[in-house]
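Please keep the structure open beside the text.

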Amino acid sequence: MSINKKINPVIAVIGLGYVGLPLAVEFGKFYRVIGFDTDHKRINDLLNGKDKTLEVSNNELKTVIQLTSNTLGINFTVDSTFLVDSNIKIITVPTPVDQYNNPNLSNLLKATETVAETLKKGDIIIYESTVFPGCTEEVCVPVLEKISGLKFNIDFFCGYSPERINPGDKTHTLTNIKKVTSGSTPGSAKIIDELYHSIIPAGTFLTGSIKVAEAAKVIENAQRDINIAFVNELSKIFSLLDIDTNEVLEAASTKWNFVNFKPGLVGGHCIGVDPYYLAQKAASVGYYPEIILSGRRINDGMGIYVANNIIRLMIKKGINVLNAEILVLGITFKENCPDIRNTKVIDVVKELRSYGAIITIFDPWVDCLQVAQEYGIDCLSAIPIDKKYDVITIAVSHHQFIDINYDSILKEPGVLYDVKGVLKSANVDARL
């Protein structure tokens, strides 16, 4: 690999969550890696070969730890002073929005400050966190310069390579998704591109500037958000027309150029967040986006829409909403993964609770203690076999929910509402 001869990379990955850990592990197979995170428990778990995100297998994790040497393997640490040993520093921390849907860059800025304190001449800092176009050079670089006392593109260089991790997806993984890369100078861009290319068989795509790479990331998810908003709006229309949305989509998908998106709750760390980063940047230069924010409004309102549909079905069946016992299946933001960040299932729960219903949550993928800490709600580790519920809502399409005997846990009369189309329409009272 030519890059070894050029800069003998020692790579630091700052932030070891869903994005950072798979990246650190893959680099650790070929290079010396310093895996840094401020979460002591997370580091302890990783040192013991355990990944709670389930993105990396325990065996794979233990293997790269055992490889630790002066040339390859990962050294996990909470001590930021070790970052000085690296000459490539990759920041992969979360970039959420605040309660008003404004970009929250606090994690990014803190990570940038930590990196700046260990910055040396010749170092390259690469950002993977989702940001608005211009953020790296306009927001992060001044912090790096101020704290380090070094000059951008003279003493140190930057790059941006947007993450494309899809939590829970074991098909579209880091190494088989083409990686977009960029650098602040032609020389640094080439080094960054070669570095990623050395671990990603799917290849890389080198863009002409950091801004282009930043913009590519936010529009990938904004486009998906708009497409889902379209089918969510269709589901509202078809509900009024007494037509099953999933059946319509199945029929339409027989045309070669129809793109089949499913209605649902749009949360998570990307699709439900990234459009706001682009919208805020657009507003700052005097353009107020319509389609992007319209799609966001539709998707942000789906939790309340689902809850109200459930209430209507209960009333039609004569089920008293006050103190009704409702079982919600799934609390993660998507199927078959333990990620509860920005889950919109919580919107359904809150709305149902506002009517006085008693909510029970079951999700076999999550740590119930984490759910309680994050959202202040309790969840079950198993469905009681001796209890029946007035309503069962399939909120997430975990594979474990397909074969449940719903008749054994649903009262008569009762409501079975399928948000994700897990079951056939004939077997439920309604599907989104």
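1. Start of helix α14. At this start, a side-chain oxygen of D367 comes to within 2.9 Å of the backbone nitrogen of L369. That is a polar contact (a pair of N or O atoms within 3.5 Å; within protein, one must be able to donate a hydrogen and the other to accept it, and residues adjacent in sequence count only if both atoms are side-chain atoms). G376 follows α14 and has a positive phi, near 70°. Helices (H or I, at least four residues) and strands (E, at least two) are DSSP runs, numbered from the N terminus.

2. Ground rules. This is a predicted model: local features need pLDDT of at least 70, side-chain atom pairs count only at pLDDT 80 or more, and totals for chains, interfaces and linings use all residues. Residues are numbered from 1 along each chain as its sequence is written, and side-chain values use heavy atoms, with hydrogens and water left out.

3. The disulfide. The structure holds one (a pair of cysteine sulfur atoms within 2.5 Å). C368 and C379 form it, with their sulfur atoms 2.0 Å apart. C368 belongs to helix α14 (residues 368-375) and C379 to strand β11 (residues 379-380); they are 11 residues apart. The torsion about the S-S bond is about -130°, so the disulfide is left-handed. Are the two cysteines buried or exposed? C368 is partly exposed, at 22% relative accessibility. C379 is buried, with a relative accessible area of 14%. Buried means under 20% relative accessible area, exposed over 50%, and partly exposed in between (1.4 Å probe, protein chains only).

4. Two cysteines without a bond. The sulfur of C135 has its closest cysteine sulfur in C140, 4.4 Å away, which is too far for a bond. C140 is in no disulfide. C135 is buried, with a relative accessible area of 0%. C140 is buried too, at 1%.

5. Six strands run in the order β3-β2-β1-β4-β5-β6, with parallel pairing. Two strands pair if DSSP finds at least two bridges between them. β3 (73-77) and β6 (157-160) are the edges; each has a single partner strand, so one side of each is left without a neighbour in the sheet. The twist averages 20° from one strand to the next. Inside this sheet, four bridges join β4 (residues 88-91) to β5 (residues 124-127). I88 stands opposite I124 in β5.

6. Helix α5. This helix (residues 106-116) lies across β1 (10-14), β2 (32-36), β4 and β5, running at about 165° to β4. Axes are lines fitted to C-alpha atoms, for helices over the stretch in contact, and angles run from 0 to 180 degrees between N-to-C directions. Its buried residues include L108, A111 and V115. Their cover includes β1, β2, β4, β5 and α6.

7. The cores. The largest nonpolar core has 37 residues; I91, L108, I125 and L144 have the most contacts inside it. A nonpolar core is a set of buried Ala, Val, Leu, Ile, Met, Phe, Trp, Tyr and Cys residues joined through side-chain atoms within 4.5 Å. Elements giving two or more residues include α5, α6 (135-148), α8 (210-240) and α10 (274-284). Leaving aside neighbours within four places in sequence, L108 is in contact (heavy atoms within 4.5 Å) with residues including I91, Y127, C135 and C140. Another core, of 36 residues, lies apart from the largest one; M302, A324, V349 and I359 are among its members.

8. The other open sheet. Its six strands have the order β11-β10-β9-β12-β13-β14, again with parallel pairing. β11 and β14 (430-431) are the edge strands, each pairing on one side only. β13 (residues 410-418) and β14 pair over two bridges. Y417 stands opposite A430 in β14. Helix α12 (residues 302-316) packs on this sheet, touching β9 (325-329), β12 (389-394), β13 and β14. The direction of α12 makes about 155° with that of β13.

9. A loop residue. Where does K151 lie? K151 is in the loop between α6 and β6. K151 touches E145 and F156, not counting residues up to four places away in sequence.
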